[in-house]
Amino acid sequence: MHDIALLVGYGAAAVNPYLALDTVTSLRADRARYVQALEDGLLKVMSKNGISTVQSYRGAQIFEAVGLDAELVARWFTGTPTRIGGIGLAEPGDEARVRHARGFAPGADGLPVGGLYRWRRDGELHKWNPATVATLQDAVRRADRTRFDEFERLCDDEERALVTLRGLWTIDEPAAVAIPLEEVEPVAAIVARFVTGAMSFGSISAEAHETLAIAMNRLGGRSNSGEGGEEAHRFEVDANGDSRRSAIKQIASGRFGVTAHYLVNADDLQIKIAQGAKPGEGGQLPGAKIDERIAKARSSTPGVTLISPPPHHDIYSIEDLAQLVYDLTAVNPRARVSVKLVSEAGVGTIAAGVAKTHAACVVIAGYEGGTGAAPLSSLKHAGLPWELGLAEAQHVLVENRLRDRVRLQVDGGLRTSRDVIVAALLGGEEFGMATASLVATGCVMLRKCHLNTCSVGIATQDPALRAKYTGTAEDVVTYFTFVAEGVRRHLARLGARTLGELVGHADRLRVRPLAHAKAARLDFRGVRGVPAHHVALPRSFARAQPWDLADHLDHELLRRADATISGGAPVAIALPVQNSHRAVGTLLSGEIARRTGARGLPDGAITVALAGSAGQSLGAFLVSGVTLALAGDANDYVGKGMSGGRIVVTPPAGARFAPESNVIIGNVALYGATGGELFANGLAGERFAVRNSGARAVVEGIGDHGCEYMTGGVVVVLGPVGRNFAAGMSGGTAYVFDPAQTVRALTNMDLVELGAIGDDSDAWLVRELIAEHVRRTRSPLGGRLLDHWEAMASRFVKVLPTDYKRVLAARRARPASAVHLPVAG
Amino acid sequence: MGKVGGFIAWERIVPGKRPVGERLADWREVTVDEDPAETTRQAGRCMDCGIPFCHQGCPLGNPIPEFADLVWQGRWSEAYRRLAASNEMPEMTGRLCPAPCESACVLAIAPAELRALPTGEAGGVPSLVLPGAVTIEALEKAIAERAFAEGWVVPRPPRVRTGKRVAVVGSGLAGLAAAARLNRAGHVAVVYEAAARPGGLLRYGIPDFKLEKHVLDRRLAVLEAEGVEIRCGVTVGAPDGPSWEQLRAEHDAVIVATGAPRARELDVPGRDLGGAVLAMDYLTEPRRSSVPPAASHDVRGKHVIVLGGGDIGSDCLGTALRQGAASVVQIELQPAPPPDRSPANAWPAWPLVFRTSSSQEEGGVREFAFRTTHLEGQDGRLVALHGTRLDSGAAVRLPCDALILALGFTGPTATPPGVALDERGNIATDASYATSLPGLYGIGDVHRGASLIVWALAEGRDAAIAVDAALRR
């Protein structure tokens, strides 16, 4: 697959893999299926890169070479970045000869297994192998320091076998600079820099997820929710003082379970732009792993496969990202916002942009590590080592005098104290260990995470298998403590009293003498070391520059609604609004969530009448009990992430235009909403209700890509829909008034079917929503529909995801108790 | 990759054994052949792990996930080809290997359970059952037997001869594995065997109830048809045999595979009384089912004590029971191992836990933590064994008129003159099995001390590859 993708990417108009085709034939296999697999694979590669047509992909040369000589690249892959030099044509030639000799040796018994994707004894080296897994588990379970030293030695020896860039370097630790170990900062200061990986509740079991959270909270480090929401009971502290709350709450493209309550229970709000181990892809959770409990945390339907969209539908530029950072800061001003990027050529530029969005931390994720659920096409030839991305981000941030505004966090296959030191020298200040922490809890790298059959009870929701889980928070604490102790020993040898002193001092790295022929021509000058003329500039984080919320409109709302939030009488507030007022209602919602929990306030508790043009993100992350009634219009992101409450938008008083033919709210309304209601007396922009999982909305027309990736909720459109309607929609229902019968042509039919308003409950629901719309907005169009309802009802098209319909039917067919999968706890 | 969730749907079922009464009445193999449908299901339990710890646990590095999947798909002949590529004689490991692969199986991570074998044929005697491990050993046997039955095991003589000659001294598993592979690579391989018939311990040590000798003869026929020459009754280095120098002069390489037959002795008063015999002397006769047991070692009606709790002790126990001993006590110096892994003995390491062999299921009494102090005689014949229980310190007298010493082995009995030995008296070699003498190699027990057959096969194979490479240089 990679060969084909490369050839077409470098300009081939056609590829004839004749030897492979002959091989397929000789195996008596189906050539057509092989060709189909290649086509599907190429499509997947293109989609991961955000390219829709072969015409655009062909010759696009979206590659970076690692380990190829610059001359070779200039001659044959002109223009491709190759940052560390490497082999020419001779080395691959020699290797081809070796392979040939092996295949045709007398007495050879077939070809070796290879072990590219699965570890094999005589195959490719894998960093996680029987020795490293067993030694780490034995070391942490028995809290045996000697065994852990052995684990680190195994890891470091492997790295010397040229599997990672950091394995090619040594750390310069001259005896003269060493200081006594006692002078080095304590373990507690070091573990505070450690985080676990973003693995969702759903991809891994509740037991495994909570083990990591408890351990990191005990240590003072941070665990990461991943993109699957989090059960609210985990925000309460356990009787023994343990906390199961993930300090880092991830905001990924799926926005699963991202509510105000979720967001206020965090110290770190991490926007996942991409994932190092599978760049260009969102998370996927197969239906088999989605039981009642998982579905509840994600506001989705049990049994229905969830696919996170590759991009965030509210982020198409750095400005959009800045807006999301602002929204998150508004909902939880006490948390910092971090942005996760993947290592790639150009990541420095992106990091510099991120630093300007007022985010506090940039995460650079490398291609190592990653889930066992990552598709094979993402395991190889996708992503880059974190060493390159981190070094580049450090360079660009330092050069642009932005480095002191953000922290740099790095993850991607980090395992040992040596890894931490190398990362710090390249500019890392915080360090993520994902796979290693899971291995400490019992993961043995089955790589079956996507099948729900994890026999050690980690990446499964099967109760019988979860019962086999034996991981403990103690084991994870032991692991991170051992790593921190190792870091202290390195610091003493390096003569540093704190890890912070070393950040960005890549000059302390030396290239090891490399005997291997393929390593002989590597050149790391571009990677290590800050250029001399920048030595005086700050190389590490100094002070955060969060968004200034002093002029936020909600301060006034908070003042006037304070008593109501504390249980007092309902309050009605009227305020003018203008488009510089962003995220109106968001700061208020965060405060309500903090004080009242997931419940929010009773409906009608706080009613805010706004007049004017609202700025972006009106009612973002809105909670129950708050009604925002805007007379005027609103910018983009109305009701983004709303989890309750109500947004009503009507034309300004006295407007003489027909509301149903004028745009009243901007793009990306209701993105990632999990609850609440929106009534818009007018047209909405593009990407309406993308990834909605619970909100109900009535709108009088929408732009392209409406209801994309929706998993729940109800959307009633009284007017036209744009192209690509309901693409990737796996749950929820949409009803479109379609007198001209254009909806079928505009709908992406991959996952949904179209029908009429069926039984009474359907008709009742739609009619009630329209009636509510008319009550709230006095919509003339809505009024006309109700006036002639008997005739109009038949002109509605019902859009229902096929899979969702199947699950709903199954639920109706069985008594409720039988639908609930057995779930412990 | 087997069936998704197969290990959840189907539990581990090991092939059954014949009823104990029936077993004790003959010398035939204890296990019964498995229904191929069951084998297929069991193969479908393999998950094709990202890290197949089984494959690491196997000294041969057998491609276990690969052949398990092929069996699951019904592609048995390909499964045999895969298996045979790394394992010269899967019909042996499928019967005799203690299967470290299975204890390293990811499905065996959960603590071991003591429970009656599912087939119940062992009379309900609890046996250590790894709760879920894939039945890899049974799979190997099934694949190998299917291959022989279907005629897939055909002689594959080399198309081209290199003109090089290699002598292999010793026809045990290590020697045969090396000879088979060297021959197939085109070298002339001549095996020298001191005994009357080839096979080493396979023939002269392992009882028929674990390995019927026609299984060995079937394999030897294939090897000879491929061109391996086996010269029996030739003791290299003996006055009536060729000297080592002569052998080396006549061959391009010489591989020593003479094993570690020197038995550990019992050093207590009374050892010289009549009635005590070394396990290997005892086992040599009766496991040849075609030959009736020699009178000298027949323990019918006797009170037998087997000293040594290991596999060979068990073989002696099973043999004594079949001969009709009045009583059999098997004594182990060490205390009984725990029923489950200790924290320091974590998966995937070989579990040091209490096990019950098929012979131990059949009868006899097991003693642990028991040190023999002296033997009591009457008229020069053994009548009792005296010892101390190490836990209580109690002195014990056990009536005994036949004592079998299965105390393990201490190394080779004879080695080529001038070859360097290691500190344990075994032939010292480098990583490619080369000894201190040019062209002389040492493999199997003579090199690593008494060990598993799977190691013999692995060393035979790997040494053949090394010797072949050396001969081609």
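The radius of gyration is taken over C-alpha atoms, and the globule rule sets it at 2.2 Å times the number of residues to the power 0.38. The legends below apply this to a predicted model.

**View 1. Overall form of chain B.** With 473 residues, chain B would have a radius of gyration near 23 Å as a compact globule. Its value is 23 Å, which agrees. The C-alpha trace of chain B spans about 65 × 65 × 45 Å along its principal axes.

**View 2. Inside chain B.** The chain holds 18 helices and 17 strands. Of its 473 residues, 54% are buried. Among contacts with a separation of 6 or more in chain B, 68% join residues 24 or more positions apart.

**View 3. Surface and charges of chain B.** Chain B carries 50 positive and 56 negative charges.

**View 4. Helix H13 of chain A, end to end.** This helix covers residues 318-331. At 1.5 Å a residue, its 14 residues should span 20 Å. The end C-alpha atoms are 20 Å apart, so the helix agrees with that expectation.

**View 5. Surroundings of H13(A).** Twelve of the 14 residues are buried, so H13(A) is largely enclosed by the rest of the structure. Among the buried residues are A:Asp320, A:Leu324, A:Tyr326 and A:Val331. The buried residues of H13(A) pack against strands E4 (248-251), E5 (268-272) and E8 (336-342) of chain A. They also pack against helices H11 (260-264), H14 (347-355) and H22 (586-596) of chain A.

Key. Residues numbered from 1 in each chain as written. Chains lettered and ligands numbered in written order. Predicted model: local features only at pLDDT ≥ 70, side-chain atom pairs only at ≥ 80, totals over all residues. Heavy atoms only, no water. Helix = DSSP H or I, 4+ residues; strand = E, 2+ residues; numbered from the N terminus. Expected span 1.5 Å × (residues − 1). Buried < 20%, exposed > 50% of the residue type's maximum accessible area, 1.4 Å probe, protein only. Contact = heavy atoms within 4.5 Å. Lys, Arg positive; Asp, Glu negative; His and termini not counted. Charge placed at Lys NZ, Arg CZ, Asp CG, Glu CD.
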